Amino acid sequence: MTDEPLVLGIETSCDETGVGIVRGHTLLADAVASSVDEHARFGGVVPEVASRAHLEAMVPTIQRALKEAGVAASDLDGIAVTAGPGLAGALLVGVAAAKAYAYALGKPLYGVNHLASHICVDQLEHGALPEPTMALLVSGGHSSLLLAPDITTDVRPLGSTIDDAAGEAFDKVARVLGLGFPGGPVVDRYAREGDPSAIRFPRGLTGPRDPVYDFSFSGLKTAVARWVEERRREGKQVPIADVAASFQEAVTDVLTRKAIRACKDNGVDHLMIGGGVAANSRLRSMAEERCADAGIRLRVPRPKLCTDNGAMVAALGAEMVARGRPASDWELPADSSLPVTEPHVPGAGGALDAHTALHAAGHGHTH
Ligand code: KG4
Ligand code: ZN
């Protein structure tokens, strides 16, 4: 137990300043400061506002996490940080903070991928991930089906959205219905009161000639907007709960159908669902029903671990340490378009083993 790596993870890719602390697969602290309220009046995340909020929240959130975990910074075995993908300026705040703490404490630094972290977080809820892992990742920025033979080194995209991400569709539909931002949780709430079969909205890319694992939600979003406009033009009331439920049914139908198909085609008997949209109650219940019918084991972390947080970054960092992956160097860049195929970012100058990294910390930057 005590020889499992103790890792602090920092997440700043969007509007949440997340700092988590884990020991192996055990969650010790999950501190999150969100700037979501500051973005609400703009209907979306404003990058400069997010960066400033990260800067202000960073040190207090790290202190809160250490206190919550009841550990001293000197006990840590490593500092992990989201190196990408995400908002460039926001990522930079996290990466700079992680470097400063790692350097000052003499700890190895691990730059990790935000998407692989969304998958790895499930180890904190359900224990070691099976290998390979099949993952459906659905968030505000991404919708992908990923096959991960090794979450620290090998993540393979099977398919992804060709236009809007699933969460983006929730946010846009919420705007059309005048429900505010972020849209996912409020659409989810309204949908519980509505009839999911009230309106038959289109299921994108489900025709016989369409790509099997790719998604498209832009047509669905437009169909919802047209339907609502038409009602308003006719002077009729818009049945918000029915629209929300019918839209949500269309999204979750396509997501679960394609994810189960991917499991079957690849001979994988379990499915992990992660990312902010995995907090959706209908996605959870539909995935449960359909996975049970298909003989597939479903793993979905609790909602707080699905949305952006620091614990997921710490979870992947701990896995890096446990598997002896090399630490990142001090030139680790923040890469806003980091590909999903790179779970771990060694840095700009090549990877260092933990010992060399510490040595480099002692001698500083020598260019
Ligand atoms: O993973 P996440 O916290 O941030 C990104 O990396 O994008 O995901 C945020 C997205 C937002 O689009 C939000 O509307 C959506 O996840 N979301 C939901 C729910 N909770 C959050 N979508 C549907 N149902 C929910 N309950
Ligand atoms: Zn995310």
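This is a predicted model: local features need pLDDT of at least 70, side-chain atom pairs count only at pLDDT 80 or more; totals for chains, interfaces and linings use all residues.
Helix α9 itself covers residues 240-265, and at 1.5 Å a residue its 26 residues should span 38 Å; the end C-alpha atoms are 38 Å apart, so the two values agree. Most of α9 is covered, with 20 of the 26 residues buried.

Now let's move to the strands. How many residues of strand β4 are buried? Seven of the seven, residues 78-84, so β4 is largely enclosed by the rest of the structure. And β4 has partners: strand β1, residues 6-11, pairs with it in the parallel sense over four bridges, with G9 standing opposite A80. Strand β5, residues 109-113, also pairs with β4 in the parallel sense, here over five bridges, and I79 stands opposite L109.

A search of the whole structure finds three aromatic pairs. In one of them, the rings of Y103 and W330 have centres 5.4 Å apart and planes at 75°, so the pair is edge-to-face. Y103 lies in α3 and W330 in the loop between α12 and β11, so the pair ties together parts 227 residues apart in sequence. Y103 counts as partly exposed at 40% relative accessibility, while W330 is buried at 17%.

Then there is F215 with F217, a stacked pair: 6.1 Å centre to centre, with 10° between the planes. F215 is buried, with a relative accessible area of 0%, and F217 is buried too, at 2%. Thanks, all!

How values were computed:
Residues are numbered from 1 along each chain as its sequence is written. Chains are lettered from A and ligands numbered from 1 in the order in which they are written. Side-chain values use heavy atoms; hydrogens and water are left out. Buried means under 20% relative accessible area, exposed over 50%, partly exposed in between (1.4 Å probe, protein chains only). Helices (H or I, at least four residues) and strands (E, at least two) are DSSP runs, numbered from the N terminus. Two strands pair if DSSP finds at least two bridges between them. The expected span of a helix is 1.5 Å times one less than its number of residues. Rings of Phe, Tyr and Trp (its six-membered ring) pair if their centres lie within 6.5 Å; planes under 30 degrees apart count as stacked, over 60 as edge-to-face and the rest as tilted.
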